Amino acid sequence: MYPIIKNRIQKQAIIAGKVFSLTVPQDTFLDTEDGNNLRLELFDSHGHPLKNNSWIQFDVETREIYGLPLEKDVSKWHYILQATDSGDKSVNETVDISVQQHKSHRSVNHEISLALKLQRKFARNVDWQIQIIRGITKVLGDASVSNVVVREVRNSIQDPNLATFVYTNETLPKDRCPEEMLDELVAQLTENALNDVLNPDIMVKSVLGQQIGQCMKSVIPKVKPTQSIATKNYAPTTRNQVDRVNATVGHLLVYKVPADTFYDPEDGNDLKLKLLTTERNPLDHHHWLQFDSKNQEFFGVPQPQDVGQKEYLLIAEDREGLTATDALVVVVHQAHYKRDYSVLFELTLDTTQEQFSTAQSQRRFIERLAMVFGDSHTNYIQIRKVHPMRHVDQVQVTFFNTTLYRQHQRCPDEEIEALRNMLLYQDGTVRTKVRDILGQEFNLVNMSMIPMGTCQGFDTPIHVTNEPEKAIPPPIAKDDYLLTVVLPAVIILAMLLIAFIIACILYRRRLTGKMELGTDEERKSFRSKGIPVIFQDELDEKPEIGNKSPVILKDEKPPLLPPSYSSTNNDGENEDVDEYVPPPAVVMGGRESRGKSPVTPSYRRPPPYVSP
């Protein structure tokens with residue numbers, strides 16, 4: 001079984017000039033057979049063993065990753081820690097280390113130099129450098145090596161055993177010139193005191209301290225410097241770092257590095273500058289940001305995909321190859337698209353995309369556009385889009401002139417007309433001055449002014465410098481013809497045929513009655529000529545029979561008997577009139593009940609008519 005990574009190693013951020021140490025925990029790797037008893041090795045990012053002069057090393061016995069990064073090592077580093085078991089099966093863990101500049105590297109006001117001679121050969125350079133730091137700490141009585149910040153280690157070209165060790169002490173104040181404290185510190189670091197600690201491996205020949213930066217004065221000698229120290233070349237230093245550069249999408253960035261960014265005691269400001277990535281690699285030729293070493297300036301036109309911030313390293317090198325590093329950040333901001341620009345310019349150039357995509361070519365193009373508009377700078381030119389026309393090997397560039405934008409809902413008609421007269425003759429042809437300024441490098445084929453927003457009603461027709469021949473479309477391959485013409489037609493015909501078949505099936509089912517009820521009995525019942533079914537709620541209410549016996553409730557008393565009249569009268573006309581007989585009672589539900597009277601309330605019959 002292969003070993004596994006049980007606990008990952010965290011990313012490390014360390015300070016340039018200070019001793020770095022990291023012990024690999026025992027539980028980082030695990031093997032089923034060997035447990036934690038694995039063989040560890042540290043390799044660079046390419047899998048190669050570390051060199052003897054590398055700033056970082058690995059102690060196999062103590063499992064310690066240690067080193068001393070200097071200012072020239074400021075960058076992001078990736079290493080591989082390999083764990084191998086007894087069966088030569090291994091697993092790799094990535095160790096990411098970010099070397100950062102000291103927070104007070106710009107305010108350093110002193111440095112102490114030690115002239116050394118190595119008495120024996122060290123397998124690794126960083127070993128004797130850390131030994132010197134521990135010796136200085138022991139002589140000064142400091143509890144930690146963190147107060148020593150190494151600025152530079154210079155090896156002699158004539159004799160590799162001779163070196164100069166330059167450092168600063170963080171205990172000294174940075175807000176004022178520490179002249180007296182520096183003298184006291186140098187007085188403690190005597191050659192004898194240091195040799196007692198470093199012998200027999202290293203011998204200190206001389207110690208001297210000096211103030212630098214704003215506190216620079218004459219050298220403060222501790223002893224008479226030897227000839228080797230007097231002839232040494234000092235590395236350049238950073239004074240006023242760039243730190244941050246701002247850029248905007250579509251606008252040309254040109255930033256000249258200030259002359260006082262770096263300083264060299266021998267060469268002054270006459271240094272060779274170059275711009276690298278954080279991995280110390282040269283910039284890609286097609287990267288939007290480039291550096292002009294001759295003029296010492298950044299330049300480029302960022303695109304929308306470049307929005308954000310990116311770190312770079314600015315390296316200063318003197319005549320003898322000693323360097324200083326300035327870590328800076330370039331921040332790309334979005335363009336101000338909220339403004340309602342009035343006119344969009346569209347130019348078609350007779351150049352290829354490969355030629356126009358370089359930062360140098362785009363810089364020359366924008367600078368010449370500014371000359372066409374009569375501007376002293378390029379701040380008013382905003383590139384909107386670069387579209388390659390590959391079938392004719394041309395490039396179409398659209399841009400805004402940021403001085404032409406709508407103000408208070410008003411279209412700048414006068415400015416647009418003045419600008420059009422600057423570019424074109426009265427007959428609509430491009431002025432010779434415009435073609436001469438753009439030159440043969442950017443051969444102008446077509447030029448358009450497209451109104452935007454509220455200016456769309458303004459007369460800004462398309463003006464063509466030279467009527468280009470219609471490009472012959474490239475021949476369509478057989479496979480492309482099948483995919484673009486034949487296949488879509490076949491699919492459409494198949495869809496129409498399927499739709500027609502479905503419509504026929506539905507129409508046939510409708511004619512044959514298949515859409516009706518499913519069983520024969522149901523269909524037969526609906527087709528029969530019998531009596532129609534009438535529900536109870538559909539019946540009309542029948543009027544009640546008028547002579548129906550009234551219903552007499554339990555508590556209701558029968559009506560009074562009609563009055564009886566004498567059957568005898570003078571004329572004898574009412575002899576045949578019968579007496580009124582009440583209707584018989586109706587029995588309902590076992591109880592006697594009288595029929596419901598058709599007329600409520602009950603009444604008596606009128607008396608018979610008696611003539612006078």
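In this predicted model, helix H3 has four residues that count as buried: Glu-191, Leu-194, Asn-195 and Leu-198. Viewed down the axis of H3, these buried residues fall within an arc of 100°, so they line one face of the helix. An α-helix has 3.6 residues a turn, so residues three or four places apart point the same way. Asn-192 and Asp-196 lie on the other side of H3 and are exposed.

What do the buried residues of H3 pack against? Their partners are strand S10, helix H1 and strand S13.

| Element | Residues |
|---|---|
| S10 | 110–118 |
| H1 | 125–140 |
| H3 | 191–198 |
| S13 | 202–211 |

The crossing of H1 past H3 is right-handed. On the H1 side, the contact involves Gln-131, Ile-132, Gly-135, Ile-136, Lys-138 and Val-139, which meet Ala-193, Leu-194, Val-197 and Leu-198 of H3. By type, the residues of this contact are 7 nonpolar, 2 polar and 1 charged.

Elsewhere, strand S26 (residues 444–451) contains Ser-448. Is Ser-448 buried or exposed? Its relative accessibility is 2%, under the 20% cut-off, so Ser-448 counts as buried. The C-alpha atom of Ser-448 is 5.0 Å from that of Glu-346, although 102 residues separate the two along the chain.

Technical notes
Residues are numbered from 1 along each chain as its sequence is written. This is a predicted model: local features need pLDDT of at least 70, side-chain atom pairs count only at pLDDT 80 or more; totals for chains, interfaces and linings use all residues. Side-chain values use heavy atoms; hydrogens and water are left out. Axes are lines fitted to C-alpha atoms, for helices over the stretch in contact, and angles run from 0 to 180 degrees between N-to-C directions. Helices (H or I, at least four residues) and strands (E, at least two) are DSSP runs, numbered from the N terminus. A crossing is left-handed if the near helix is turned anticlockwise from the far one by less than a right angle, and right-handed if clockwise. Contact means heavy atoms within 4.5 Å. Ala, Val, Leu, Ile, Met, Phe, Trp, Tyr, Cys and Pro count as nonpolar, Asp, Glu, Lys and Arg as charged, and the others, Gly among them, as polar. Buried means under 20% relative accessible area, exposed over 50%, partly exposed in between (1.4 Å probe, protein chains only). The arc is that of the directions from the helix axis to the C-beta atoms.
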